[in-house]
Amino acid sequence: MDEIVMIAYRLEVNGHPQDVRTEPRKLLLDVLREDVGLTGPHAGCEHGVCGACTILVDGRSARSCLMFGIQGADHQLTTIEALASGDRLHPLQEEFSKAHALQCGYCTPGMILTALELLGDNARPTEGDVREALSGNLCRCTGYEPIVKAVLAAALRMREAS
Ligand code: FES
Ligand code: FES
């Protein structure tokens, strides 16, 4: 039987270096979950459609199921685990909770990170902007209304705080 080749590389995840050793074909999503121990990025469709695996790569949203782990090297990776500081939730997390914008929560990390990217680009989004930004993230539970409300409420709070 052929020997399994492993490669070693370093990821920068949520501001911390993480040295991993994986098969070259291992997806970044699986590396984050299984080797780094961050289970915020969720495995949904695993072919780029649902957005459950969304992370930020150098501040831009990306589908970690469409990248190999090694492709994450030399980039700043951000997962949902980075958003809260201690017990203090990020405004997006708080507004999702207040607006009941999650039920099973499977889509939520991807929704929030995509919304974070939007608010970084546009502090004053319209409802249409939010809907468009989140149009690549699928939710089976909420009907999207509370998610849009939560993002708009978080945008307002973040503007008031800045
Ligand atoms: S799991 Fe990556 S887009 Fe669905
Ligand atoms: S809250 Fe269940 S998929 Fe969105």
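These legends describe close-up views of one predicted protein model. Residues are numbered from 1 along each chain as its sequence is written, and chains are lettered from A, with ligands numbered from 1, in the order of writing.

**View 1. Domain 1 and domain 2 touch.** The domain assignment gives domain 1 (7-82) and domain 2 (91-161). Such bounds come from an automatic or database domain assignment. The two centres, taken over C-alpha atoms, lie 22 Å apart. In domain 1, 18 residues are in contact with 14 residues of domain 2. Contact means heavy atoms within 4.5 Å. About 1300 Å² is buried between the domains, and carbon and sulfur atoms give 54% of this area. H42, R60 and I80 supply 38% of what domain 1 buries against domain 2, more than any other three residues. Buried area is the accessible area (1.4 Å probe) that two parts lose on being put together, summed over both.

**View 2. Polar and charged pairs join the two domains.** Two salt bridges are counted between domain 1 and domain 2. A salt bridge is a side-chain nitrogen of Lys or Arg within 4 Å of a carboxyl oxygen of Asp or Glu. E117 and R60 form a salt bridge through their side chains (3.1 Å, N to O). On the side of domain 1 that touches domain 2, β3 (54-57) and β4 (60-63) are the elements that give two or more residues. Helices (H or I, at least four residues) and strands (E, at least two) are DSSP runs, numbered from the N terminus.

**View 3. Helix α1 has buried residues.** The helix spans residues 28-36, and L28, L29, D30, V31, L32 and V36 are buried there. Buried means under 20% relative accessible area, exposed over 50%, and partly exposed in between (1.4 Å probe, protein chains only). The cover over these residues includes β1 (7-13), β2 (16-22), β3 and β5. Just after α1, G37 has a positive phi of about 85 degrees.

View 4. D74 sits in the loop between β4 and β5 (76-78). D74 counts as exposed, at 76% relative accessibility. H100 lies in the loop between α2 (91-98) and α3 (108-121). H100 is exposed, with a relative accessible area of 60%.

**View 5. Salt bridges occur elsewhere in the model.** The structure holds 11 of them. R10 meets D19 at 2.8 Å, N to O. R10 is partly exposed at 46% relative accessible area, whereas D19 is exposed at 55%. D35 meets K26, also at 2.8 Å, N to O.

View 6. R131 is partly exposed, with a relative accessible area of 32%. E145 is partly exposed as well, at 43%. Salt bridges that share partners also join E94, E95, K98 and R157 into one network.

Notes
Predicted model: local features only at pLDDT ≥ 70, side-chain atom pairs only at ≥ 80, totals over all residues. Heavy atoms only, no water. Polar contact = N/O pair within 3.5 Å; in protein donor to acceptor, adjacent residues only side chain to side chain.
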